[in-house]
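Visitor: I would like a close look at the open spaces in this model, with the criteria behind every term spelled out. What should I read there?

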Amino acid sequence: MIERRQEFASDNTGGLCPEAGAALQDANAGAAAAYGDDQWTQRLCDRVRELFEIDCDVFVVSNGTAANALALAQLCQPFHSVICHEYAHIDNDECGACEFYTGGSKLIPTPGTKGKIDLREVEAALTRQHELHSHKPRVISLAQATEVGTVYVPDEVREISAFANKRGMFLHMDGARFANAIATLRCAPKEITWRAGVEVLCFGGTKNGLAAGELVVFFNKERSADFGYRVKQGGHLASKMRFLAAPCLALLADEVWLKNARQANEAALKLANGLRSCGAEIVFPVESNAVFSRLDAMVAQNIRERGWDFYKFIEPDIYRLMCAWSATEDAISAFLSDFKAARSCASAAR
Ligand SMILES: *Cc1c(COP(=O)(O)O)cnc(C)c1O
C-alpha cells in the first residue's frame with residue numbers, strides 16, 4: 001500500500017521529536033514508582049511551576065479531549081454552561097466529552113471573527129439564558145492558538161476574563177497549541193494565562209512533539225481540590241506515568257517546546273506565502289501553525305489525487321493545512337508544486 005502524504009492533514013500526523021524519544025529511553029532504565037510518584041513527574045510539575053512563575057497544580061493526562069473535559073467538569077456543576085466559539089474543538093471534535101464528564105453541562109457556541117470569542121456575541125448569548133430555565137453560565141472557554149490558527153494577545157484575554165469575572169464566571173484556556181501561541185507572542189507564559197485571568201489551562205504536548213501527554217494546570221489551587229480523584233475515575237491516571245512525564249519534561253527543558261513550535265509556525269508561514277504567491281487566498285492571518293485556504297473543489301480533489309491528505313474545515317470551500325513541528329522544506333515545495341499542477345489541470349478541464 002502506498003502511504004498517502006499526511007504532512008498537512010494534521011499536526012498530529014507528526015512524529016515524536018528526538019528529545020522526547022531520548023527521554024523515553026532514559027525513563028526506561030529500570031523500575032520506578034508508579035501512578036506519578038516517580039521523579040520525572042515530580043520534576044515536570046516543578047518545571048511547569050517554574051515556567052509559569054506560580055505555585056500551580058499540575059496534572060498529566062494522555063490527550064487533549066480528556067484534559068478539556070476533566071478541567072471543565074472540575075469547574076462546572078451539571079446545571080452549568082460553558083460559552084465557547086462556534087468552531088471550538090470542545091464543541092465540534094470531542095464527541096460530547098465535556099457534556100459527558102460534566103454530567104449535564106451545556107456548551108453554548110458563539111460566533112466571532114478569526115476564530116476568536118466576541119464578547120458582544122457572548123453577551124447576546126447570556127441574555128438568552130433564562131434564569132432557572134436555562135443552564136447557569138459558568139465558564140468561558142477559548143482556544144489558544146484558536147482552531148483557525150489565530151492567537152489572542154494578552155489584552156484580549158484580559159478583556160474576556162474581566163467580562164467573565166464580573167459575571168461570576170471562569171476562564172478556561174484550551175492550549176492544545178499553547179506552544180505555538182507562545183512562540184508567536186514571545187511573552188512569558190504567565191502573561192497570557194494567570195496574569196490575564198485564566199483559571200485553568202490545558203497545555204498541549206502531543207501536537208508539539210510528544211507521543212501523548214497533555215497537562216491540566218490550575219493556577220488557583222482552591223479550584224483543583226480532589227481533581228486527582230476525577231482524573232482517576234475518568235480513567236486518566238496513567239499507571240506508568242513516567243513515560244508520559246519524561247518526554248514532556250524533555251520538551252519543557254531547554255525550550256525544546258518553543259523550538260518545535262517555531263519550526264511548525266515558520267513552516268506554516270512558508271506554505272502560506274507559497275500558496276499566496278501562486279494566487280491562492282489565505283483566509284485567516286497565519287499566526288501559528290495552521291493555513292486556511294479557499295480552494296476550488298476540482299483543485300482540492302486534484303491535489304488529493306496526487307497523494308495528499310487534508311481536510312475541508314469550513315463549508316463550502318475553506319480547507320485546512322496544518323504544519324507539525326516536523327514539517328520539512330521538501331514537503332512544502334512538493335505540496336506547492338502539486339498545487340500549481342492541480343490548478344492548471346483544473347483550468348484546462350474548464
Ligand atoms: C487537537 C486539539 C485538542 C486535543 O485533541 P485530542 O485529539 O483529544 O488530543 C484540543 N483542542 C484543540 C483546539 C485541538 O486542536
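Guide: A pocket here is an open set of points on a 1 Å grid over the protein atoms alone, where a 1.4 Å probe fits and protein lies on both sides within 12 Å along at least five of seven lines, and its lining residues have an atom within 4 Å of a point. The model is predicted, so local features need pLDDT of at least 70 and side-chain atom pairs pLDDT 80 or more, while totals for chains, interfaces and linings use all residues. Residues are numbered from 1 along each chain as its sequence is written, and side-chain values use heavy atoms, without hydrogens or water.

The largest pocket is lined by 22 residues, with Asn12, His89, Ala176, Arg177 and Lys207 nearest its centre, and its volume, the space filled by probe spheres set on the joined grid points, is about 410 Å³. Helix H3, residues 64–75, contributes the most to this lining, with three residues; helices (H or I, at least four residues) and strands (E, at least two) are DSSP runs. By class, the lining holds four nonpolar, ten polar and eight charged residues, where Asp, Glu, Lys and Arg count as charged, Ala, Val, Leu, Ile, Met, Phe, Trp, Tyr, Cys and Pro as nonpolar, and the others as polar.

The second largest pocket has a volume of about 230 Å³. Its lining has 14 residues, of which Thr41, Cys45, Val58, Phe59 and Val60 are the closest to its centre, and the elements that give two or more residues to this lining are H2, S1 and H9. Here the classes are eight nonpolar, four polar and two charged residues.

Lys190 counts as buried at 12% relative accessibility, whereas Glu53 is partly exposed at 44%; buried means under 20% relative accessible area, exposed over 50% and partly exposed in between, with a 1.4 Å probe and protein chains only. In the other, Glu199 meets Arg223 at 2.9 Å, N to O, linking the loop between H8 and S6 with the loop between S7 (214–218) and H9 (227–233), 24 residues apart.

Methods:
A salt bridge is a side-chain nitrogen of Lys or Arg within 4 Å of a carboxyl oxygen of Asp or Glu.
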